Amino acid sequence: MTTPHARTHEPHTESGAALGRRDAMLAMGALGAAAFAPRALAQVNETDRALAQGGRGIISARDLGWDPEARRYILPELRYAYDALEPHIDAATMEIHHSRHHAGYVSGLNKALDELAKIRKGEGDAGLIKHWSREVSFHGGGHVNHTLFWLTMGPKDFIAESPSLELLAHMERDFGSMNGFWTHFEAAANAVEGSGWAWLVYEPNAGRLLITQMEKQQDLWMTGAAPLLGVDVWEHAYYLRYQNRRGDYVKAFRNVVNWAMVDELFAIARGV
Ligand code: MN
């Protein structure tokens, strides 16, 4: 990969930004197995400094949308400017998507957790526990999905344009070839019914890669699957530039995938 000089924000080096094992478990625990494989959490414990150097092991708590000091979910900063993914994803879409849609999921998740805490103390309406639990899944899913979406994209001079040899070998074993992967992934994304996502995931029991669809921010998920690469196919992700041409947007998405980060998530998912 090339040096990510297009980064527009300083690396998150505040004390406590790196996620310890216990904090990682707490940070992601509310999101359940659907969000991250438990084994992955133990590995998310280093700063993102190494990433800027082209290294590995480098996803901080703030990168994952968690403030370990305030113990609240937060909107993660992008590592690139809103217009950095032009012409594939337009600046207006990026700004609205990140600063409004994603921010809404963060506040919805924190709100749901606050309401559940009130119920535990006997101060809330216990009859609403089903409602707030569903809100955790929806907004928590939205928060994690978008956090990973921003992490695994980048501008041309920032990204690795192909997977590591190790990930490539798994892709070829499980999908036949990279072309096979993209054909399957794009078809899955284009066929999501309504709002949702397509995902490349690592399934730890078999140790293989799968492509799955997701409806809304959480439905159709396979227990234990570790997300590696997702494309958001809600209309808010592409309608300003592509209108109803979801297929063109999904095809353009190929150009902004940062395979270095997908490699990293793959390593984390396997505990290596
Ligand atoms: Mn979205």
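1. **Burial and overall make-up.** Of the 272 residues of the protein chain, 52% count as buried. Buried means under 20% relative accessible area, exposed means over 50%, and partly exposed lies in between (1.4 Å probe, protein chains only). This is a predicted model, in which local features need pLDDT of at least 70, side-chain atom pairs count only at pLDDT 80 or more, and totals for chains, interfaces and linings use all residues. Residues are numbered from 1 along each chain as its sequence is written, and side-chain values use heavy atoms, with hydrogens and water left out.

2. **Secondary structure and contacts.** The protein chain has 10 helices and 5 strands. Both are DSSP runs numbered from the N terminus: helices are H or I with at least four residues, strands are E with at least two. Take the contacts in the chain with a separation of 6 or more: 70% of them come from residues 24 or more positions apart. A contact means heavy atoms within 4.5 Å.

3. **The manganese site.** Four residues coordinate the manganese ion: His97 (NE2), His146 (NE2), Asp232 (OD) and His236 (NE2), at 1.9 to 2.2 Å. Along the chain, these donors follow the spacing H-x48-H-x85-D-x3-H. His97 and His236 link distant parts of the chain, 139 residues apart. His97 sits in helix 4 (residues 91-120), while His236 sits in the loop between strand 5 (226-232) and helix 8 (239-242). Both His97 and His236 are buried. Donors are N, O and S atoms within 2.8 Å of the metal (3.2 Å for Na, K and Ca); water is not among the atoms, so sites may look incomplete.

4. Helix 7 (residues 178-190) has 13 residues. Its first and last C-alpha atoms span 18 Å, close to the 18 Å expected at 1.5 Å a residue. The expected span is 1.5 Å times one less than the number of residues. Ser177 caps the N-terminal end, with a side-chain oxygen 3.4 Å from the backbone nitrogen of Asn179.

5. **Helix 7, two sides.** Which residues of helix 7 are buried? They are Met178, Phe181, Trp182, Phe185, Glu186, Ala188 and Ala189. Seen down the axis, the buried residues of helix 7 fall within an arc of 160°, so they line one face of the helix. The arc is that of the directions from the helix axis to the C-beta atoms. On the other side of helix 7, Asn179 and Thr183 are exposed. The cover over the buried residues includes helix 6 (165-175), strand 3 (196-203), strand 4 (208-215), strand 5, helix 9 (246-253) and helix 10 (259-270).

6. **Helix 9.** Arg246, Tyr249, Val250, Ala252 and Phe253 are buried in helix 9. These residues cover an arc of only 160° around the axis, which puts them on the same side of helix 9. They pack against helix 5 (129-151), helix 7, strand 5 and helix 8.

7. **Salt bridges around Glu115.** The whole structure holds 14 salt bridges. A salt bridge is a side-chain nitrogen of Lys or Arg within 4 Å of a carboxyl oxygen of Asp or Glu. Glu115 pairs with Lys111 (3.0 Å, N to O). Glu115 also pairs with Lys118 (3.2 Å, N to O). Glu115 and Lys111 are 4 residues apart in helix 4, so about one helical turn separates them. Glu115 and Lys118 are 3 residues apart in helix 4, again about one turn. Glu115 counts as buried at 14% relative accessibility. Lys111 is partly exposed at 41%, and Lys118 is partly exposed at 36%.

8. **Other salt bridges.** Lys156 forms a salt bridge with Glu161, the closest N and O atoms being 3.0 Å apart. Lys156 is exposed, with a relative accessible area of 63%. Glu161 is exposed too, at 52%. Elsewhere, salt bridges that share partners join Arg62, Asp67 and Glu69 into one network.

9. **Arg72.** Arg72 is found in strand 2 (residues 72-73). At 33% relative accessibility, Arg72 counts as partly exposed. Not counting residues up to four places away in sequence, Arg72 touches Gly65, Trp66, Asp67, Asn110 and Asp114. With Asp114 the link is a polar contact, side chain to side chain (2.8 Å). A polar contact is a pair of N or O atoms within 3.5 Å; within protein, one must be able to donate a hydrogen and the other to accept it, and residues adjacent in sequence count only if both atoms are side-chain atoms.
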